Amino acid sequence: MRVAIIGGGPGGLYAAALLKRLDPAREITVWERNAPDDTFGFGVVLSDETLGGIEHADPVVYEAMCEEFVRWDDIDIVHRGARHTSGGHGFAALGRKRLLEILHDRCRALGVELRFRSGAPHPDELARTHDLVVAADGINSTTRETYADVFRPRVTSHRCRYIWLAADFAFDAFRFDIAETEHGVMQLHGYPYASDASTVIVEMREEVWQAAGFAELDEAGSVERCAKIFAEALGGRPLRSNKSAWTTFRTVTNEHWSHGHTVLLGDAAHTAHFSIGSGTKLAVEDALALAACLEEQPSLDKALAAYEEERKPVVASTQRAARASLEWFENLDLYLGQPPRQFAFNLLTRSRRVTHDNLRLRDAHFTGAVERDFGCPDGTPPMFTPFRLRGLTLRNRVVVSPMDMYSAVDGLPGDFHLVHLGARALGGAGLVMTEMVCVSAEGRITPGCTGLYTAEQAESWKRITDFVHAQSPGTAIGVQLGHSGRKGSTKLMWEGMDEPLEDGNWPLTAASALPYKPGSQIPRELTRAQLADLRQQFTASARRAADAGFDLLELHCAHGYLLSGFLSPLTNRRTDAYGGSPENRLRFPLEVFDAVREVWPDEKPMTVRISATDWAEGGTSAEDAVAIARAFAAHGADAIDVSTGQVVSDERPAFGRSYQTPYADRIRHRVGVPVIAVGAISSWDDVNSLILAGRTDLCALARPHLYDPHWTLHAAAEQGYDGPGAIWPEPYRAGSRRPQTGRTDAPKQRLKLGG
């Protein structure tokens with residue numbers, strides 16, 4: 001096999017060494033356009049997991065690297081004069097130049113041909129003359145661009161400028177230092193990579209970079225200015241550069257990683273923001289996986305397919321974490337007002353890879369101090385602290401999210417709803433929410449949706465609230481009021497979600513006469529008179545909700561239903577006072593809110609659910625969502641329940657763990673209103689992390705409560721908590737400890753006898 005490798009960075013070189021070591025008969029050539037001793041950047045950080053793979057695959061490289069490593073456990077966060085240290089993290093780093101020297105030596109010893117100061121031939125020519133072409137040619141990959149129609153790359157630029165520098169001393173920890181300047185906030189990321197040297201990355205938003213005058217400075221001027229800004233962190237020492245330039249981070253993804261027998265590796269295939277680790281780490285892991293797949297698979301085609309199948313999910317997960325970290329730093333100014341220790345915890349958990357429970361294992365002293373500052377009594381996880389909304393005190397921070405059950409007849413909640421909501425109330429959540437309860441028969445999504453537009457429905461709801469209050473004292477039950485708008489008159493979810501009924505349809509109304517998707521019924525645009533009728537329907541339902549004994553009322557202004565349809569520019573094309581500008585689009589939802597708030601008991605809280613983004617071009621943006629939340633808060637909303645999407649059928653949501661939480665986080669800090677985070681929050685560890693970091697006040701979980709109605713009580717048991725935030729019903733108290741299981745431990749080998 002003849003192998004061409006384009007790019008002599010760590011990923012390309014390590015791939016060359018592995019492939020040659022596994023099969024010495026392979027003819028392997030590496031093309032690198034720079035000189036052997038040219039390098040950009042300074043230090044490289046590798047994880048223990050990556051090092052384990054290197055040790056197993058090539059002990060020679062591993063041992064050479066180990067001789068150079070600087071290791072440390074601590075992370076220092078310096079914010080407003082306070083320095084907080086968290087230990088137990090475990091890092092290993094070495095100089096990038098030294099790493100390249102180790103890999104050069106290994107490649108030469110194995111017989112790999114290294115061609116420096118030599119641009120690679122055109123990818124088409126390499127593909128004709130070689131059996132395998134590995135494109136490790138970096139973020140500006142010419143190979144990727146040559147075959148862009150096949151790889152289908154997507155390159156996203158972000159909001160911060162950064163520069164790679166170095167200092168001639170070793171930090172004693174991984175250090176984050178925050179500088180609040182007259183131009184805006186700047187941050188330093190620093191870590192040692194040798195006994196006498198550290199990498200220093202200075203980062204700030206584009207507008208801060210411009211205001212500070214960095215655009216007018218040359219390389220030497222930028223280095224000097226950065227050293228002055230972070231003089232305290234550097235101990236007054238200078239910084240140095242190495243062809244350093246300010247740049248904007250770009251996230252690279254590719255729909256496909258191979259074309260014929262040409263395959264992408266490292267930054268050519270993907271990038272991940274430096275704040276969660278090294279691109280070198282990902283490139284080395286790519287090389288390990290590619291080499292393994294070539295050994296394991298019977299053909300080259302199958303090997304490349306297996307490589308992509310193995311690496312893409314891992315990289316996608318890393319990129320999601322990296323994006324969360326990147327956006328946290330982009331929005332760093334949101335968190336400057338947090339107490340320094342909570343700020344440090346927030347920074348450490350920003351990517352969602354380090355969590356409350358994980359950090360407690362690493363550094364119980366630091367995590368305990370954060371909990372005490374937050375107000376957690378001894379032994380009380382953050383999720384089991386109380387929270388007050390107006391006259392209602394919730395005993396914990398867990399909400400059973402509204403979930404449509406499509407199991408009503410003529411809008412009437414029945415035995416199913418009693419058992420469904422009653423079981424979850426017995427399960428320990430602080431607040432149990434109904435599904436969207438419709439304000440009219442025409443406002444239902446499906447024939448199976450519940451309502452509050454008749455006295456009989458109100459009596460049925462009272463039966464449920466009475467059960468909750470009597471059998472699960474301390475659990476609150478809330479009602480979510482809404483109207484389907486253009487998304488109504490559809491089949492039950494399991495018969496065809498959002499599909500029109502085959503018969504028995506009712507006419508739809510909406511902000512504008514736009515169908516939800518092709519084939520959907522076209523709604524009629526609401527007239528002024530119909531708007532007045534709708535306000536009355538909402539207030540009549542709110543009165544019935546109060547009479548039925550609900551503790552909290554939520555107005556549903558999300559997911560493309562009627563009120564949401566007014567808010568989004570994609571669904572509101574009106575030319576009257578209720579369309580056009582953001583203020584006009586808010587007008588009717590605020591009128592409904594005001595009307596409902598007027599009849600809803602003053603001591604009871606009222607929340608609003610919004611879609612904080614439409615996940616579609618031209619739709620509601622994150623900043624629009626802040627303005628919407630601010631308007632509802634000004635009108636008296638006690639909290640904003642922050643969801644996203646489901647407004648237009650061609651949305652492209654960026655799903656992932658806790659993927660909607662950043663929108664809640666932004667609203668909480670920009671507006672100063674309590675928020676409910678929702679969306680792929682699945683573990684009690686996530687809930688504790690989000691609450692303690694100050695990213696949300698309450699967490700709403702849906703599917704976990706379908707999987708386990710007693711999710712909250714089980715979360716308490718698993719954490720060893722038995723306090724006022726998680727009360728077991730007396731008939732269930734015998735089950736408050738995890739059931740015993742069979743022993744799985746085996747006898748330990750304690751004696752080693754000679755033969």
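In this predicted model, T143 counts as buried because its relative accessibility is 0%. T143 is placed in helix 6, residues 142-146. A polar contact of 2.9 Å joins the side chain of T143 to the side chain of D137. Beyond neighbours within four places in sequence, T143 is in contact with I6, P123, A135, D137, F151 and T262.

Helix packing was examined next. Helix 2 (residues 48-57) packs with helix 11 (residues 279-296) at an angle of about 40°. The two axes are 10 Å apart. The crossing of helix 2 past helix 11 is left-handed. Helix 2 contributes T50, G53, I54 and A57, which meet K281, V284, E285 and L288 of helix 11. Of the residues in this contact, 4 are nonpolar, 2 polar and 2 charged.

Aromatic pairing was also computed. The count comes to 28 aromatic pairs. In one of them, the rings of W72 and F91 have centres 5.2 Å apart and planes at 20°, so this pair is stacked. W72 lies in strand 4 (residues 70-72) and F91 in strand 7 (residues 91-95), so the pair ties together parts 19 residues apart in sequence. W72 and F91 are both buried.

The rings of F174 and Y191 form a tilted pair, because their centres are 5.4 Å apart and their planes are at 35°. This pair links distant parts of the chain, 17 residues apart: F174 is in strand 11 (residues 174-181) and Y191 in strand 12 (residues 184-194). F174 counts as buried at 11% relative accessibility. Y191 is buried as well, with a relative accessible area of 6%.

Technical notes: Residues numbered from 1 in each chain as written. Predicted model: local features only at pLDDT ≥ 70, side-chain atom pairs only at ≥ 80, totals over all residues. Heavy atoms only, no water. Axes fitted to C-alpha atoms, helices over the stretch in contact; angles between N-to-C directions. Helix = DSSP H or I, 4+ residues; strand = E, 2+ residues; numbered from the N terminus. Left-handed = near helix turned anticlockwise from the far one by under 90°. Contact = heavy atoms within 4.5 Å. Nonpolar A, V, L, I, M, F, W, Y, C, P; charged D, E, K, R; others polar. Buried < 20%, exposed > 50% of the residue type's maximum accessible area, 1.4 Å probe, protein only. Polar contact = N/O pair within 3.5 Å; in protein donor to acceptor, adjacent residues only side chain to side chain. Phe/Tyr/Trp six-rings, centres within 6.5 Å; stacked < 30°, edge-to-face > 60°.
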